[in-house]
Amino acid sequence: MVNIARWIWLPYKLIKPVMPAGFADRFILHDSSFYPALKEEVGDEHIPVSLGGKNTEIKCIPAIKKSEDEYWKPKDNVLLDSLESIHVHARKKKHIRVDVNEVGKKISWYFRTDGDVYFGIFFVEGSGETIEEAKKEKKEEIDTEEMEMVYPYWKLTAKLVHERDELVCEKTGRYYLVFGNEHSWLTKRGVDLIVNVEKGDSKMRIHADNSQTVATIEFKPFRFQHRVKTFDENPVFTKNLMPRGDIQGWNRKGLRILH
C-alpha cells in the first residue's frame with residue numbers, strides 16, 4: 001500500500017503484535033516517499049508510470065463512487081424468497097455436503113452475504129452415509145487441508161452483487177461447499193443460499209442440514225464459465241474469465257492472480 005497517511009503507523013504498530021501469524025507479511029505500508037523502497041522491492045519495470053515507474057501496461061484506475069440507484073439489483077424475487085439462511089461464526093467454517101454418485105452431475109449455487117467470507121468447494125472420495133450421519137458430521141469441523149480443492153477457495157463479498165455459479169462433477173464422491181469466516185475475530189457472517197444438484201430431468205435441492213427436496217427454483221451462472229480438473233492436474237479455464245484477473249495457478253492456500 002502506498003501513499004498512506006503517516007498517522008496510520010501508530011495504530012498499525014499497536015495492533016501488529018496481536019495479528020494472526022503471517023498476516024502482517026501479506027502487505028507492506030509506504031507513505032508518500034514510497035518509490036525508492038518500492039523500486040528496490042519489485043523493480044521500476046513493474047511500477048506503473050503513474051507512480052513514477054516505467055511500466056506503461058499497468059493502469060491505476062481511481063475508484064468511482066456510485067449512487068445507490070446505480071447499484072446492481074436482483075430481479076428474481078421468487079429466487080430471493082426461497083433462499084435458506086445460515087450463520088458462520090468468527091474463526092469458524094460451515095459446509096454443505098453433496099454426495100455425487102454419478103459422473104456429470106452439476107452442482108449449482110446462488111448466495112448472498114452480509115459481509116466478506118471465504119468460499120470454495122473441496123472433494124473426497126466415498127459417499128453413501130445416511131442423513132443422520134451427515135447431520136452429525138455437520139456439527140464437526142472438516143479438515144480441508146486433507147481434501148482436494150476443486151473450486152478455488154477465496155474471499156469474496158456478495159452483499160451488493162450476489163454470487164452464483166456451477167460445477168460439473170467429473171468424479172463420484174463427496175463434495176463440500178465451504179463457507180469460511182476464519183479471518184474475523186469477533187463478527188459472525190450471514191449467508192442466504194440455495195444449492196441444487198441436477199443431471200437431465202433429475203433436479204434436487206440440498207439444504208443446510210444435508211436433507212434433500214425436489215428443486216423447484218432454477219438459475220444459471222452469470223460470473224464466468226469454467227471447467228475444473230483434478231487437483232493434481234492444471235485447472236482449465238475458458239478465455240472469458242472473471243474481471244478479478246487471469247488465473248495462473250493455485251495451491252491449497254488459494255489462488256495466484258495476475259492483474
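## Salt bridges and a nonpolar patch: exercises

The structure holds 13 salt bridges (a side-chain nitrogen of Lys or Arg within 4 Å of a carboxyl oxygen of Asp or Glu). This is a predicted model, where local features need pLDDT of at least 70 and side-chain atom pairs count only at pLDDT 80 or more, while totals for chains, interfaces and linings use all residues. Residues are numbered from 1 along each chain as its sequence is written, and side-chain values use heavy atoms, with hydrogens and water left out.

**Exercise 1.** Find the salt-bridge partner of Lys54 and classify both residues by accessibility.

*Solution.* Step 1: the partner is Asp44, with the closest N and O atoms 3.6 Å apart. Step 2: both residues sit in the loop between helix H2 (35–42) and helix H3 (77–81), 10 residues apart; helices (H or I, at least four residues) and strands (E, at least two) are DSSP runs, numbered from the N terminus. Step 3: apply the classes, in which buried means under 20% relative accessible area, exposed over 50%, and partly exposed in between (1.4 Å probe, protein chains only). Lys54 has 60% relative accessibility and therefore counts as exposed. Asp44 has 12%, so Asp44 counts as buried.

**Exercise 2.** Locate the salt bridge between Lys93 and Glu182 in the chain.

*Solution.* Step 1: the closest N and O atoms of Lys93 and Glu182 are 3.7 Å apart. Step 2: because Lys93 lies in strand E2 (residues 93–100) and Glu182 in the loop between strand E7 (173–180) and strand E8 (189–199), the pair ties together parts that are 89 residues apart in sequence. Step 3: Lys93, at 23% relative accessibility, counts as partly exposed. Glu182, at 23%, also counts as partly exposed.

**Exercise 3.** State which strands the salt bridge between Arg189 and Asp116 links.

*Solution.* Step 1: the closest N and O atoms of this pair are 3.0 Å apart. Step 2: Arg189 is in strand E8 and Asp116 in strand E4 (residues 116–124), 73 residues apart. Step 3: Arg189 counts as buried because its relative accessibility is 15%.

**Exercise 4.** Describe the nonpolar surface patch that includes Leu10.

*Solution.* Step 1: patches are made of residues with over 30% relative accessible area and no salt bridge; like charges are joined within 9 Å, nonpolar side chains (Val, Leu, Ile, Met, Phe, Trp, Tyr) within 5 Å. Step 2: Leu10, Leu14, Ile15, Val18, Trp185 and Leu186 make a patch of about 720 Å², with areas from the Shrake-Rupley method with a 1.4 Å probe; for residues, only the protein chains shown count as cover. Step 3: Leu10 is in helix H1 (residues 9–15), and at 60% relative accessibility Leu10 counts as exposed.
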